[in-house]
Amino acid sequence: MRGVWAVERVRDAERRVFERTPEAALMRRAAFAVAVRSAELLAEQTGGTSGRRVALLVGAGNNGGDALWAGAFLRRRGVAVTAVLLAPDRVHAEGLAALLRAGGRRVVASGDSEAARDAVADADLVIDGIVGLSGRGPLRPDAEALVDAVTGLLVAVDLPSGVDPDTGAVAGPAVGADVTVTFGGRKPGHVLAEGAVLSGAVTVADIGLGEALGEPDIVLLDPADIGALWPVPGPEDDKYTQGVAGVAAGSATYPGAAVLAAGAAVLATSGMVRYAGPAADAVRTRWPEIVATGSIADAGRVQAWVVGPGLGTGAAGRDVLAHVLDQGVPVCADADAINLLASTPELWDVRDPETPLVLTPHDREFARLAGEVGTDRVAAARRAAERYNAVVLLKGHTTVVAAPDGRVLVNQARGAWPATAGSGDVLSGLIGALLAAGMDPWLAAGCAAGVHELAGDLAADGAPIGASALLRAVPDAVRRVRAAAAASA
Ligand SMILES: NC(=O)C1=CN([C@@H]2O[C@H](COP(=O)(O)OP(=O)(O)OC[C@H]3O[C@@H](n4cnc5c(N)ncnc54)[C@H](O)[C@@H]3O)[C@@H](O)[C@H]2O)[C@@H](O)CC1
Ligand SMILES: Nc1ncnc2c1ncn2[C@@H]1O[C@H](COP(=O)(O)OP(=O)(O)O)[C@@H](O)[C@H]1O
Ligand SMILES: [K+]
C-alpha cells in the first residue's frame with residue numbers, strides 16, 4: 001500500500017521537522033534527489049550527462065529554489081545548466097547564488113525572451129520549478145509559452161506546475177511531466193484527475209519527513225496488496241463457505257447487464273452465484289453454473305447482493321431494491337439502484353444501517369444522488385460516504401473509494417479502455433462476489449476496481465474492447481495480482 005498525504009499534512013510535517021533540521025538542508029536534500037533522477041534520465045535517454053543541456057524553469061518560491069539547487073548539483077556532473085527566471089525579483093537567492101557559483105547561466109524570461117525560449121527549446125531536459133505546493137490555478141501565459149517550447153525530457157519538481165496540489169484538477173495550461181520527483185510522500189495532485197496523468201512516473205524522495213507525516217489521507221493498493229487480499233478457497237472450503245453472491249439485475253430491455261454482472265461474480269470467486277430477475281433465461285444460457293430464478297422472492301439465501309445494473313427505475317425495480325435492502329446482508333448498489341435511491345429517498349428507510357452498502361456511481365449518478373462531483377473528487381466521495389453511511393466508489397479514470405469512517409483509496413487506470421458500455425456492470429459483479437466472501441466493503445470495492453481496470457488493460461492490449469472481453473480477462477487479472485502477491489511475500 002502506498003500513501004498519499006494532503007498538502008496541509010505535508011506542511012505540518014515540514015514545520016515539525018524544521019524544529020530540528022534547517023530548511024536549507026531539507027531543500028538541498030530535495031534538490032539532490034531531483035538532480036540524481038534527472039542525471040539518470042539523461043544517461044538513459046541520451047547516453048550520458050557530461051555536455052548535456054538542462055534548462056531550469058524557475059518561479060517565485062521554494063519550488064524554484066529546488067530547481068536552482070538541482071541545477072548546481074548537475075553542474076558537478078558536467079551538465080550545461082541555464083536557469084530561466086520567471087520572477088527574477090522573488091527568485092530564491094541562495095539557490096541562484098549556488099547555481100552561478102557552480103558555473104550555471106541565467107536568463108530572465110521577460111527581459112530576454114528569445115534567449116529564454118532558445119535555452120528551453122535546445123535543452124535535453126527541462127526542470128519545472130515554476131510552482132509546487134503553493135501553486136494555484138493554471139500556468140500564466142509567460143510560463144505557458146516556455147513550456148510549449150520544450151522539446152526534451154521534462155522533470156517536474158514536486159508537482160507539475162498548473163496542477164492543483166490537493167485535487168489534481170487542471171483549469172488551463174499545465175506542465176505534462178515525464179517524471180515528477182516529489183518529497184516525503186505522494187500528494188493528491190499526483191494521483192487524482194488530470195494530475196495523475198500529467199505527473200508521469202512519480203519518484204518519492206525521502207528528505208527526512210518520514211514519521212512526521214503520520215497516517216496517509218489516501219492509499220493506493222498495489223497489485224501485490226490486491227493479490228494478497230483476493231479470496232481463494234482452501235482445503236476446507238465448499239461452495240457455500242466461500243459466500244454465495246446474489247445478482248438482482250437486468251430487465252426485458254437490458255438482459256445484457258444481468259449477464260455481465262452475474263458473469264463477473266462467477267469469475268471473481270469460486271463460491272456460488274444466484275440470479276433473480278427477468279433475464280434468468282439469458283443468464284442461465286450464458287452461465288449454466290448460476291442458479292437462476294425469475295423472482296426475487298424465490299432467490300434463496302445469499303451472503304451479499306448486487307442490485308441495479310439494467311434494473312430499470314419503475315415499480316418493479318423499486319420492489320426488488322427494497323427487498324434486497326431488507327435482507328440484512330451486504331449490498332452493492334449500482335446504476336438504476338442508485339437512481340432509485342436518489343428519486344425515492346424512502347428506500348433508505350428499508351436499509352439496516354448496520355449492514356454494509358457499497359454505492360458505485362459514475363459522475364451523473366453521483367450528481368443525482370448527492371449533488372455535482374465538482375473538482376475535488378475525494379472530498380465529494382468522502383462527503384457522500386459519510387452522509388449515506390456507505391462505501392462510495394466514484395468511477396472514472398481515477399476511481400475513488402471512500403468509506404464512511406473517512407478512509408479513502410484511489411485506483412489509477414493504466415489506460416482508458418474500461419470506458420466502454422457494460423464495463424460498470426462487470427465491476428458491480430466483482431464487488432458483490434468479494435462482499436459475499438466476507439471482505440471489508442471498502443477493500444472489496446478497491447480490490448474489485450483494481451482487478452477490473454487491470455482486466456480492461458489486459459483484454460485491450462492496445463485495441464478497443466467491449467465489456468465482454470474485459471469480463472473474460474478477469475481470471476488473467478486475478479492471476480497477475482496473485483502472482484504479484486506471491487513475488488512480494
Ligand atoms: N518547505 C520545505 O521544507 C520544503 C519545500 N520544498 C519546495 O518548496 C515548494 C513550495 O514552495 P513555496 O511554498 O515557496 O511555493 P511555490 O514555489 O510552490 O510557489 C511560489 C509562489 O508562486 C506563486 N504562484 C502560485 N500559483 C502560481 C501560478 N499558477 N503561476 C505563477 N505563480 C504562482 C505564489 O505567489 C506562490 O507563493 C515545494 O513544492 C517544494 O518544491 C522543498 O525544498 C523541500 C522542503
Ligand atoms: N476514462 C476512463 N479511464 C479508465 N476507466 C474508466 C474511464 N471512464 C470510465 N472508466 C471505468 O469504466 C467503468 C464504466 O462504468 P459505467 O459508467 O457504470 O458504465 P456502464 O454503465 O456502461 O457499465 C467504471 O469502472 C469506470 O471506472
Ligand atoms: K513544479
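This is a predicted model: local features need pLDDT of at least 70, side-chain atom pairs count only at pLDDT 80 or more; totals for chains, interfaces and linings use all residues.
Figure 1. Ala39 belongs to helix α2, which spans residues 23-46. Ser50 lies 11 residues away from Ala39 along the chain, and the C-alpha atoms of the two are 9.5 Å apart.

**Figure 2**

**Figure 3. Packing of helices α3 and α4.** Two packed helices are described by the angle between their axes and the distance between the axes. Helix α3 covers residues 62-75 and helix α4 covers residues 93-101; they pack at an angle of about 15°, and their axes are 8 Å apart. The two helices α3 and α4 are therefore roughly parallel to each other. Their crossing is left-handed.

**Figure 4. The open sheet of seven strands.** The strands follow the order β4-β3-β2-β5-β6-β7-β8, and their pairing is parallel. Opposite Leu125 stands Leu153 of β6.

Figure 5. Most residues other than glycine have a negative phi. Asp158, although not a glycine, has a positive phi of about 70°. Asp158 is situated in the loop between β6 and β7 (179-183). Because 28 C-beta neighbours lie inside 10 Å, Asp158 counts as buried.

**Figure 6. Ala145 in helix α6.** Helix α6 (residues 141-148) contains Ala145. Ala145 has 16 C-beta neighbours inside 10 Å and therefore counts as partly exposed. Although Ala145 and Arg117 are 28 residues apart along the chain, their C-alpha atoms are separated by 8.3 Å.

Figure 7. Asn389 is located in the loop that links α16 (377-388) and β16. Its phi is near 50°, a positive value in a residue other than glycine. Asn389 has 15 other C-beta atoms within 10 Å and is therefore partly exposed.

**Figure 8. Strand β16 and its partner strands.** Strand β16 comprises residues 391-394; Val391 and Leu393 point one way from it, Val392 and Leu394 point the other way, and all are buried. Strand β15 (residues 357-359) pairs with β16 in the parallel sense over two bridges. In this pairing, Val392 of β16 is the bridge partner of Leu359. Strand β17 (residues 398-402) runs antiparallel to β16 and is joined to it by three bridges. Here Leu393 stands opposite Val401 of β17. The hairpin of β16 and β17 has three residues between the strands, and Gly396 takes a positive phi near 155° in this hairpin.

**Figure 9. The shell around ligand 2.** Among the 17 residues around ligand 2, those that come nearest are Lys395, Ala413, Ala416, Ala419 and Gly424. Helix α17 (residues 423-436) gives the largest share of this shell, four residues. The classes represented around ligand 2 are seven nonpolar, eight polar and two charged residues.

**Figure 10. Crossing of helices α17 and α18.** Helix α17, which contributes to the shell around ligand 2, also packs with helix α18 (residues 441-460): their axes come within 9 Å and cross at roughly 140°. Helix α17 is therefore oblique to α18. The crossing of α17 and α18 is right-handed.

Notes. Residues are numbered from 1 along each chain as its sequence is written. Chains are lettered from A and ligands numbered from 1 in the order in which they are written. A residue is near a molecule or strand if its C-beta atom, placed from the backbone, lies within 6 Å of it. Ala, Val, Leu, Ile, Met, Phe, Trp, Tyr, Cys and Pro count as nonpolar, Asp, Glu, Lys and Arg as charged, and the others, Gly among them, as polar. A residue is buried if 20 or more other C-beta atoms lie within 10 Å of its own, exposed if 12 or fewer, and partly exposed in between; C-beta atoms are placed from the backbone. Two strands pair if DSSP finds at least two bridges between them. Axes are lines fitted to C-alpha atoms, for helices over the stretch in contact, and angles run from 0 to 180 degrees between N-to-C directions. Angles under 35 degrees count as roughly parallel, over 145 as roughly antiparallel, 65 to 115 as roughly perpendicular and the rest as oblique. A crossing is left-handed if the near helix is turned anticlockwise from the far one by less than a right angle, and right-handed if clockwise.
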